[in-house]
Amino acid sequence: MGGKCPSRKVKKRRFSHKTARRDKFLLKGDDAVYDALQKGDSEKKPLPRDEDLPGMGQYYCLHCDRYFANSTVRDEHFKTKRHKKRLKLMSGPAPHTQLDAELAAGMGMPDNGPTLMSS
């Protein structure tokens, strides 16, 4: 027959199709989004039309690196907690880069301090 077992109290965690779809459109890293936000308005161009993206690629949130189907959905996204957290993150200091991670792990250039004069 199928269906749920009536004695089972815990719901089974199901695969989220929304996250799989979100992974389909590769998201930029935090440092790439931060760099795009730091560019001046003169370097920003109008969005090209792309049939593969939602809403033909015209409705885009630069902070979250997401495309939306229409302007009303995008405007609702601007009101969400997730977008507001992302705004706060991108308005602060620059996010960590791969170079920062390598230096923290001790894989970068060694810092031996100032050179002393030998006499």
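Mentor: Let us begin with what covers the buried residues of helix 2; in this predicted model, helix 4 (81-91) is included in that cover.

Trainee: Which residues of helix 2 are buried?

Mentor: A residue counts as buried when its relative accessible area is under 20%. In helix 2, which spans residues 30-38, the buried residues are Val33, Tyr34 and Ala36. Seen down the axis of helix 2, these buried residues fall within an arc of 160°, so they line one face of the helix.

Trainee: How many aromatic pairs does a search of the whole structure find?

Mentor: Two rings pair if their centres lie within 6.5 Å. The search of the whole structure finds one aromatic pair. Its members are tyrosine 60 and tyrosine 67, with ring centres 4.6 Å apart.

Trainee: Is that pair of tyrosine 60 and tyrosine 67 stacked, edge-to-face or tilted?

Mentor: Planes under 30 degrees apart count as stacked and those over 60 as edge-to-face, while the rest are tilted. The planes of tyrosine 60 and tyrosine 67 are at 40°, so the pair is tilted. Tyrosine 60 is buried because its relative accessible area is 15%, whereas tyrosine 67, at 28%, is partly exposed.

Trainee: Which residues other than glycine have a positive phi?

Mentor: Among them are methionine 56, with a phi of about 60°, and aspartate 65, with a phi near 55°. Methionine 56 belongs to the loop between helix 2 and strand 1 (59-61). Aspartate 65 is found in the loop between strand 1 and strand 2 (66-68).

Trainee: Are methionine 56 and aspartate 65 buried or partly exposed?

Mentor: The relative accessibility of methionine 56 is 32%, so this residue counts as partly exposed. Aspartate 65 has a value of 8% and therefore counts as buried.

Trainee: Which residues does the UniProt annotation "domain: C2H2-type" cover?

Mentor: According to the UniProt record, an unreviewed entry, this annotation covers residues 61-83. In the model, the end C-alpha atoms of residues 61-83 lie 9 Å apart. The span is 48% helix and 17% strand.

Trainee: Where is serine 71 found?

Mentor: Serine 71 is part of helix 3, which comprises residues 71-78. Serine 71 counts as partly exposed because its relative accessibility is 29%. Serine 71 and glutamine 58 are 13 residues apart along the chain, and their C-alpha atoms are separated by 8.8 Å.

Definitions and conventions:
Residues are numbered from 1 along each chain as its sequence is written. This is a predicted model: local features need pLDDT of at least 70, side-chain atom pairs count only at pLDDT 80 or more; totals for chains, interfaces and linings use all residues. Side-chain values use heavy atoms; hydrogens and water are left out. Helices (H or I, at least four residues) and strands (E, at least two) are DSSP runs, numbered from the N terminus. Buried means under 20% relative accessible area, exposed over 50%, partly exposed in between (1.4 Å probe, protein chains only). Rings of Phe, Tyr and Trp (its six-membered ring) pair if their centres lie within 6.5 Å; planes under 30 degrees apart count as stacked, over 60 as edge-to-face and the rest as tilted. UniProt positions are given in the numbering used here, feature names are shortened, and annotations may be inferred rather than shown by experiment. The arc is that of the directions from the helix axis to the C-beta atoms. Contact means heavy atoms within 4.5 Å.
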